[in-house]
Amino acid sequence: MSVNAKVNLLDFDRAALETFFVELGEKPFRARQVLQWIHQRGVTDFASMTDISKSLRARLEERCTIVTPRIVTLQDSTDGTRKWLLGVDTADNAIESVLIPEKGRMTLCISSQVGCTLNCSFCSTAKQGFNRNLTTAEIISQLYLVNQTLRAEGNQQGVTNVVMMGMGEPLLNFDAVMAAISLMCDDFAYGLSKRRVTISTAGVVPAIERLAEVTDVALAVSLHAPNDELRDTLVPLNRKYPIAELLRACRGYIDGYNRKITFEYVMLAGVNDSLEHARELVDLIRDLPCKLNLIPFNPYPHAVYRCSEQAEIDAFREYALGRGVITVTRRARGDDIDAACGQLVGAFKDRSRRSHKYQLGLNQIEGTRLAQ
Ligand code: SAH
């Protein structure tokens, strides 16, 4: 059998792995044993899986692999944030994952796609274009590899929280993301509580409705503007799924649960940060159980936006707080290693040709050819 024909067991959540074992003529509980070996003990060598019979180990060896992306670089920020560049295939595609240590928790920011198709005007991932969706194995491996690193350094607890806020739009890679999330929340794999796993979306309305049917992990929505006219320019997806529809889907998602939607709002100087915007925003969201997360814009080369002044951000926050909306300002983390929100670019060949158009646009603006 060629190596290519082997299945990567990291692509399977528990249900899929049980089906796999039943098809092999084995008992479904083997899935739980193998999940624990891989995801909890970090063992990828079948010969070491000692509670499995020798003959089954030999069959697994023959048919399966356990392959993670490779760590290309690991950068440490002065504030403790760490960024992994992970090579996901032989076509030079690489993605980024960011670990944000805080008091009592270790949050891992995970990528779901190589690039992104949504082209939000303020995001640097968008400027890189899009190559492909990540597989379940590539998504869960980000957690697997970071936990391995932490364990090797003596931190046994590992990652405590996951946010799907890295490169890509998780709800446009629905099935692979769902299988990875089911592993994150599985007691035989990572055992994270659903409150500690957050999906962040730019607002793919039908996928939010579908999500409500399959899980109840925490949901963050990148709102960024209080009206359609402005949001159309910042988040082009809004032209397809305008704010009213998006909010209806948000309400549907938390309906019947005692939980809140997190609205993310990037603070762009002179664009969406006035008190008038704050008033409009509060009117929009105040009767929905929610939290508002103000994100200072993180700059990157050739960005056309600037971050709002601190005074502006504070005034916006005070206004929303004063009207009963729970509001926090997110601290920029890891910006010295380009690990902050919207700065993740990985490395890959764009297949949407957007990065090419962006380069051409820049060349015109600067009247000069940029170095490749
Ligand atoms: N596609 C998903 C998840 C990826 S982006 C989404 O849109 O939610 C994670 C968060 O970072 C989003 O809220 C995004 O809008 C925000 N972001 C993107 N670029 C940014 C930048 N340059 N500065 C600050 N936040 C940014």
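Does S308 count as buried or exposed, and at what relative accessibility? In this predicted model, local features are described only where pLDDT is at least 70 and side-chain atom pairs only at pLDDT 80 or more, whereas totals for chains, interfaces and linings use all residues. Residues are numbered from 1 along each chain as its sequence is written, and side-chain values rest on heavy atoms, with hydrogens and water left out.

S308 counts as buried because its relative accessibility is 5%, where buried means under 20% relative accessible area, exposed means over 50%, and partly exposed lies in between (1.4 Å probe, protein chains only). S308 belongs to the loop between strand 13 and helix 11 (310-322); helices (H or I, at least four residues) and strands (E, at least two) are DSSP runs numbered from the N terminus. A polar atom of the S308 side chain lies 3.4 Å from the backbone nitrogen of L268.

The surroundings of the ligand come next. A shell of 21 residues surrounds the ligand, and the closest are S200, S222, H224, N298 and G342; a residue is near a molecule if one of its heavy atoms lies within 4 Å of it. The shell divides into 11 nonpolar, eight polar and two charged residues, with Ala, Val, Leu, Ile, Met, Phe, Trp, Tyr, Cys and Pro taken as nonpolar, Asp, Glu, Lys and Arg as charged, and the others, Gly among them, as polar. A polar side-chain atom of S222 lies 2.6 Å from an oxygen atom of the ligand, and a polar side-chain atom of H224 is likewise 2.6 Å from a ligand oxygen, while a polar backbone atom of F122 is 3.1 Å from a nitrogen atom of the ligand. The elements that give two or more residues to the shell are strand 10 (197-201), strand 12 (261-267) and strand 13 (290-296).

Two further residues, R333 and A332, are found in the loop between strand 14 (326-329) and helix 12 (354-366). R333 counts as buried because its relative accessibility is 11%, whereas A332, at 36%, counts as partly exposed. The C-alpha atoms of R333 and D79 are 7.0 Å apart in space, although the two residues are 254 residues apart in sequence. For A332 and D79, which are 253 residues apart along the chain, the C-alpha atoms are separated by 10.0 Å.

Conventions
Polar contact = N/O pair within 3.5 Å; in protein donor to acceptor, adjacent residues only side chain to side chain.
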